[in-house]
Amino acid sequence: MSRNTTIKGLALVAVVGLGLTACTSSGATGSGGSSNSASGSSTGSAKAKTLVVEDKPVPSFDEDFNPFDGNAFGANENAVSLTYEPLFMFNSLKSDQAPIPWLGKSYAWSNGNKTLTITLQSGVKWSDGQAFSSADVKFTFDLLQKTAAANTGGVPATTSMTTPDPNTLVMNFSTPQASNFVAIGNQVVVPQHLWSSISNPATAQITSAQAIGTGPYLVDKFSSQNVTFKANPSYWGGAPKVQEISFPAYATNDAATLALASGQIDLAGNDINNVQNVFVAKDAAHNHLFQSTAPYFPAGNTVSLLLNEKSGTAPALADLQVRKAISAALDRQSLATQCETNYENPATSSGGLIATGPDQASVSSATTNDLKANADTATVTSLLTADGYTKTGGKWTKGGKTIKFTIIDPNSFSDYWCDAQAMVKGLNAQGFDINDNGAFTYDTWNAAITTGKYDAALHWGQGVTAFQRLQFILDPSTTADVGKTAAGDFSRYTSAKAGTAIAAYQNATTPAEQKTALDTLQQIFSDDVPAVPVLYGAAWYEYSSANFTGWPTSDNPYINPSPNSQAYEYLILHLTPAS
């Protein structure tokens, strides 16, 4: 199952790295040795080879290249940035890495982080030959404020914007917004001279001929079964070495996996069972994963068991000691081995961050390696006994009631459904009274969680940065009453101290203030257990080096290679034909 960990529709985004008031250097070097897109490009000639990308199985494509429409081709295939580019890029594998300059050359915060000045690259042109300028960027952000449905990345609203010159944009906000820089920097820009006449930007159908951007590729040919792109010869960063890209449609995961294993696909982002034998062993010289040993894929999020504290059918989940006991009772290693086939490691930190991945430098010392991999029966007994529970008929009981709740996950989520069933079996063996329910589609499951009409659910984490990942679980300003749709905090957890710590991070102006706020948020997560960290979710990524070289690996993690529009552009611009 492909799990997008970028927060959509929320202003839940944080500045990457440190130095909130500092300006990034126009010559800043991103990992992988690039200062901007030009480093991954070449003006020299190269043998034309078509890079074949399969993002996820789909039966057919619709001709729609609207970057604001989540159902359009670009969003579904993570190809938006091949045409429409962002101001900055972010390597979510390294939370402390500075933003990578892109259309934006540098940036600086002032006025207590309420004013953002962005300096743009010079000499950029739209693919129809017209000049790109700060007026286009201002137009794009104005469009997002006027059309909320188009603001899928949660860009905060400005109080005013000015364009002192064609290469400078000044954005003013009513409150400090440095913690929302990822949303601002990640936003792709559209040309004012074309989009000013589009009346419904969030839903308008944009044809191949209308897909005009600053990006390195142009739509070449469209069919319902295959979409091809060709290099933009006038790309501002230099002509890409990869001259052609193909996105074929595969109706099923099995069909896509077969094509990948037989060498018909160069880049994929699939969850493949027994990936070593099914894919790697078919051509060990060329078929590769992010790393050669388990878990094979980079960790991209913390998978947690959400516990609804306002559930009308599971009142015991409002009891902190019960939530702590649930965490202690989980056999995380068994879930990782049996259900995730060792693609995802057991969570080790009760603070909610990815301790073995991009958040490693941010994990507080107080929550480092404090979760056990296997079930801790002694701790379960100690917690529940002290809380007034006694074992009756093998079940923990208080006031004549057991600790009863249901874990929901669609049975089509094969790994999560396996996890849910295993958790039910293990928790019941520990004296809980648990059921599972897999009779959900993604839409009905998501609706149940966002409206609070559920007891518990295994859910992947959200966000690009350590702060985002914590905010997704802890921010009380994003939750809602049961029956109403919440933007985040799906456990319906309410905490004044969490709100204070989130505000402290948002208002921070120094790295030390940031760290203090992050440490506080992790301690709150650990102390109050609004959700139970279970696993470190895999960022799916398979590639073949038969036709192209320069792929990101664990030894050179210059970008998170799992399906994402900006990451795919950055990755592709670093590839070189193998011959």
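Author: Let's begin with Val-227, whose bridge partner in strand 10 is Phe-247. Please keep in mind that this is a predicted model, in which local features need pLDDT of at least 70, side-chain atom pairs count only at pLDDT 80 or more, and totals for chains, interfaces and linings use all residues. Residues are numbered from 1 along each chain as its sequence is written, and side-chain values use heavy atoms, with hydrogens and water left out.

Strand 9 covers residues 226–231, and strand 10 covers residues 244–248. The two run antiparallel and are paired over 5 bridges. Here, strands (E, at least two residues) and helices (H or I, at least four residues) are DSSP runs, numbered from the N terminus. Two strands pair if DSSP finds at least two bridges between them. In general, strands of a sheet pair through backbone hydrogen bonds, either parallel or antiparallel.

Val-227 has another partner too: Phe-222 is bridged to Val-227 of strand 9. Strand 8 (residues 217–223) pairs with strand 9 in the antiparallel sense, over 6 bridges.

Strand 6 (residues 160–165) and strand 7 (residues 168–172) are antiparallel and share 4 bridges. Look there for Thr-162, whose bridge partner in strand 7 is Val-170.

For a whole sheet, go to strands 15, 16 and 17. They make an open sheet of 3 strands, in the order 15-16-17, with antiparallel pairing. Its edges are strand 15 (390–392) and strand 17 (401–402), each of which pairs on one side only. Strand 16 (residues 395–398) has 3 bridges to strand 15, and Thr-390 stands opposite Thr-397 of strand 16.

Most residues other than glycine have a negative phi, and most peptide bonds are trans. Asn-111 is not a glycine, yet its phi is positive, about 55°. You will see Asn-111 in the loop between strand 4 (104–110) and strand 5 (115–120). Asn-111 counts as partly exposed because its relative accessible area is 49%; buried means under 20%, exposed over 50%, and partly exposed in between, with a 1.4 Å probe and protein chains only.

Val-529 also has a positive phi, of about 45°. The loop that holds Val-529 lies between helix 15 (511–528) and strand 21. Val-529 is buried, because its relative accessibility is 8%. Then there is the peptide bond between Ala-294 and Pro-295, which is cis, with omega about 15°. Pro-295 sits in the loop between strand 12 (287–289) and strand 13 (299–307).

Helix 9 (residues 332–339) gives you a look at packing. Its buried residues include Arg-332, Leu-335 and Cys-339. They pack against helix 8 (320–329), strand 14 (345–346), helix 11 (414–429) and strand 21 (531–538); for contacts, the cut-off is heavy atoms within 4.5 Å. Just after helix 9, Thr-341 takes a positive phi of about 45°.

Thr-553 counts as buried because its relative accessible area is 18%. Leaving aside residues up to four places away in sequence, Thr-553 touches Phe-290 and Tyr-543.

Finally, zoom out to see the surroundings. The protein contains 16 helices and 24 strands. A compact globule of 579 residues would have a radius of gyration near 25 Å, and the protein agrees with 24 Å; this radius is taken over C-alpha atoms, and the rule is 2.2 Å times the number of residues to the power 0.38. Along the principal axes, the C-alpha atoms fill a box of roughly 75 × 55 × 40 Å. Of the 579 residues, 58% are buried. Among contacts between residues at least 6 apart in sequence, 72% join residues at least 24 apart.
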